[in-house]
Each structure stands twice: as structure tokens, then as C-alpha cells.
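Welcome! Please take a moment to look over the sequence and the structure before reading on.

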Amino acid sequence: MKRRGEKAQRRVQERKAAVRRGQIAGSLEEWRASAFDNALEQFDTAARRLKLTENQIALIKLPRRITEVLLPVRMDDGTIRNFQAFRVQHNTARGPAKGGIRFHQDVTVDEVKALAFWMTFKCAVVGIPMGGAKGGVIVDPRQLSAGERERLSRRYMAELIDLFGPDSDVPGPDVNTGPQVMGWMLDTYIMHKRDYLPAVITGKPKELGGSAGRQSATSRGIMVCIRKAATRLNMKLGDASAAVQGFGNVGTHAAKFLSEHGVKVVAISDAEGAYRKATGIDVNAAIAHVARHSSLRGFKGATRMRRPAELLELPVDILIPAALENQITKDNASRVRARIIAEGANGPTTPAADAILARQGTFVIPDILCNAGGVTVSYLEWVQNRMGYYWPEARVDQDLQRIMETAFDEVYETMRKRRVTMRIAAFMVAIRRVMEASEMRGLYA
């Protein structure tokens with residue numbers, strides 16, 4: 001416990017220094033605030049608008065199950081290490097729990113609770129029949145060999161196997177996990193159950209039942225939302241500029257889609273730095289650079305920015321925060337000049353910043369709507385696994401576009417009629433669906 005406390009204090013000091021240097025945005029106060037507290041504040045605002053009763057709130061607000069385990073793993077040198085791991089199931093009133101598993105050294109139970117909470121309402125806002133869950137392991141996967149990562153992945157599934165199933169809880173990939181990790185977990189489940197059940201997990205390799213179009217699904221959904229928002233704001237994408245914070249899987253595909261629609265991408269960033277070019281960055285060249293070097297470090301196609309956090313404040317039409325939570329805060333929200341903020345990350349905007357952006361007239365497409373393309377195609381993968389029949393990518397993309405467009409229109413109309421922000425409107429749509437399902441089911445015993 002002493003060692004964990006020392007590590008936490010060291011991370012706080014590192015965060016202070018990074019904020020001072022401008023490497024990351026936000027204030028220490030807002031960063032230290034619980035992500036789950038922020039999620040509950042968003043819920044409470046929408047619940048007041050819906051005039052929910054205390055009984056209704058009691059049915060759907062808090063997680064139904066929180067599981068914490070220690071995973072003993074034999075390392076390559078023969079030693080055994082214990083890794084702390086979590087799985088939170090927030091709500092299953094509308095269907096089996098759905099949510100990714102992340103491997104990261106800074107995972108906390110509060111973070112996992114918040115992500116499970118958001119997943120419940122993310123599924124509800126796009127109308128797919130699943131609930132919310134999330135999992136995590138406290139580990140820096142960069143410090144593990146391939147064999148150690150495999151043993152950790154298999155141990156996670158083996159220790160928590162009673163939670164998972166095609167009709168109970170369907171995990172998928174998240175930060176620092178991906179198709180290979182999902183493949184190892186699927187094989188572990190199959191070996192225990194002695195039955196081939198690919199619908200137990202999504203985000204798998206296509207050879208194991210993964211869906212076409214899954215890799216770019218989150219970004220494709222973001223692009224659908226941006227197109228819809230631009231139409232509502234009479235913005236011509238061919239004349240628009242954009243900045244993308246976070247050049248991982250979501251950010252790279254989002255930048256590529258923007259470029260294909262004629263948007264000039266003037267700034268991009270990842271953990272190694274931010275790069276800017278007023279005349280527009282060659283997105284394909286940036287993607288190729290990352291493929292060769294694993295980061296944007298040393299990218300010659302744009303000028304390196306001295307303070308990466310300034311990317312959020314550039315005078316662009318479209319800003320996509322696709323990196324970390326709590327990036328747009330009360331300290332920098334007034335300097336954000338984008339007309340549209342499309343949230344590719346989970347929780348990139350704090351509640352205090354939301355109020356400032358609303359006063360400025362910034363059109364924010366909230367995370368539970370904007371980045372729901374990933375879970376939507378995960379749902380389509382689950383459906384294909386249940387049928388044993390697989391669709392071509394064009395069919396998957398068509399279904400994704402239809403679902404996202406319908407969801408955007410429903411949220412936008414709620415925003416307009418109820419005179420609230422897009423975020424509160426999205427929560428109102430989602431909360432109503434979860435609440436109605438919970439009340440129709442009632443309470444057993």
C-alpha cells in the first residue's frame with residue numbers, strides 16, 4: 001500500500017509539471033476529480049430535466065456489480081506477480097452488458113465505473129439492445145513480453161469467466177488491448193466451456209469471427225455526426241479546417257475521413273507531441289510515419305508545436321479530442337475557438353467546461369453519441385456471431401450510418417425542443433430508454 005501511495009503521489013507531481021509545461025491541458029483540480037463523479041453530475045442534470053422520481057433514479061443510476069480480483073501471473077523470469085483487475089457491470093435492463101477491457105498503469109475502479117456508466121447510456125442513445133460494462137487491469141503493458149501479455153489476458157478471462165457470456169456480459173478491446181488480446185480471451189473461454197461461442201467477445205480478428213469495418217467504426221461514426229452537425233450549422237466541409245488531438249486508432253481514421261471529405265486537417269497530436277501546418281497536413285503521410293515509428297515523433301510534414309495543449313485552442317472549425325479524459329476544462333474552455341467539438345474520447349470535457357462552451361455557442365457532439373460507432377459495430381459483430389453469417393464491409397457501414405444518423409436526429413430534436421445542450425439531450429434520450437426498460441421489467445423479489 002505504501003508503494004502504491006508513493007506512485008500515486010509521483011503521478012500527481014508529474015501531472016503538475018506537465019500542466020505547467022503545457023504538454024497536457026486542464027487543471028490539477030479537475031484532473032483529480034473522479035471521472036465517476038463527473039458522470040453522475042451529467043446524469044443528475046438530465047434526470048432533473050426528465051423529472052425522474054427517487055425510485056426511478058435508484059433503479060438505473062449506480063452500478064449493479066463491481067468485481068475486483070488479483071491476477072497471479074508467472075513472468076518470464078519465473079517470478080509470480082499479482083495484477084489488480086476490475087469488471088464493472090452498470091446496467092443490464094436492456095440487454096447483456098457490453099464494454100471493453102483496458103490495460104493501463106493508471107486504471108482505477110472509479111474510472112472503470114465511469115466508463116461502464118457511459119457505456120450503458122451510449123448503447124441506449126443509439127438504440128442497440130445492450131447494457132453497460134467495463135473492465136481494466138492495472139499494468140503497463142509496455143513492460144510485458146508478448147508471452148506475459150498473453151498469460152495476463154488469459155488469466156483475466158479465467159478468473160472472471162462466470163461473469164461473461166453471449167447473453168450476460170460481452171467484453172471487447174479498449175486501451176492497450178486489441179484483436180490479439182481478444183483472441184486469447186476467446187480461446188480461454190472456449191477451452192473452459194468446451195463450446196465454440198464467438199459471440200462472447202467482440203473486436204476479435206476476422207479469422208475468429210470479427211466483423212468487417214470494426215477497426216474504423218468509431219471514427220466512421222464520428223464522421224457521420226460531424227456531417228450531420230455541419231448540415232445543421234450550414235457549414236461546408238470543403239471549406240472547413242480541423243484539429244485532431246490523439247493520433248491513435250480513432251484519431252488516425254477520423255483525420256483520414258475528414259481529409260476525404262475535403263476538410264483541411266491543420267493539427268494533429270499524440271503522446272509524443274503536437275504538429276501544425278496552416279496549409280493542411282498530409283494525413284496519409286502522417287499515418288505512414290506512425291506506422292514506421294510508432295508515434296508522431298520526428299514527423300517532418302508539419303511544425304512541432306511548443307505546447308501541445310495549444311492544439312485545443314486553435315482557430316479551427318472542427319476539433320476532435322480523441323485522447324484522454326478531462327482535456328477541455330474550466331481553465332481552457334474559454335479559449336477553445338472551434339465551432340464543432342466532436343468527442344472521440346470518453347469524458348474529454350468536464351462539466352464546468354461544458355457550461356462555458358454552452359455560453360460560447362460551441363456545438364458539442366457528446367461522447368456517448370459521437371464515439372458510439374465502435375460499440376454499434378461491436379453489436380453488429382455480436383449479431384453476426386449469433387447467426388453464423390457474416391456481412392461485407394459495405395453492409396456493416398450502411399447499418400452503422402443508419403443507426404448513427406437516426407440517433408443524432410433524435411438527440412438534436414430533443415436538444416431543440418427541450419432547449420438543452422446536446423450532451424444533456426443525449427442523456428435524456430438514453431436515460432428515458434433505460435428507465436422505461438427497468439420499470440417494465442419491475443423488481444424481482
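## About the model

The model is predicted: local features need pLDDT of at least 70, side-chain atom pairs count only at pLDDT 80 or more, and totals for chains, interfaces and linings use all residues. Residues are numbered from 1 along each chain as its sequence is written, and side-chain values use heavy atoms, with hydrogens and water left out.

Let us start with charged side chains. A salt bridge here is a side-chain nitrogen of Lys or Arg within 4 Å of a carboxyl oxygen of Asp or Glu, and the count comes to 27 salt bridges.

One of them joins the side chains of Arg102 and Asp174, at 2.7 Å from N to O. This pair links distant parts of the chain, 72 residues apart: Arg102 is in strand β3 (residues 97-104), while Asp174 is in the loop between β5 (169-173) and α7 (179-193). Helices (H or I, at least four residues) and strands (E, at least two) are DSSP runs, numbered from the N terminus. Both Arg102 and Asp174 are buried; buried means under 20% relative accessible area, exposed over 50%, and partly exposed in between (1.4 Å probe, protein chains only).

## Salt bridges within helices

In helix α6 (residues 146-159), Arg155 and Glu159 sit 4 residues apart, about one turn of the helix. Their side chains meet in a salt bridge of 3.0 Å, N to O. Arg155 is partly exposed at 34% relative accessible area, and Glu159 is partly exposed at 33%.

Helix α14 (residues 393-418) holds Arg395 and Asp399, also 4 residues apart, or about one helical turn. Their salt bridge spans 3.1 Å, N to O. Here Arg395 is partly exposed, at 34% relative accessibility, whereas Asp399 is buried, at 9%. Elsewhere, salt bridges with shared partners join Lys228, Arg232, Asp409, Glu413 and Arg416 into one network.

## The second largest pocket

On a 1 Å grid over the protein atoms alone, a pocket is an open set of points where a 1.4 Å probe fits, with protein on both sides within 12 Å along at least five of seven lines; lining residues have an atom within 4 Å of a point. The second largest pocket has about 290 Å³ of space, a volume being the space filled by probe spheres set on the points.

Its lining includes Ala58, Arg64, Asn91, Ser438 and Tyr444. Helices α4 (54-60) and α15 (422-441) each supply at least two lining residues.
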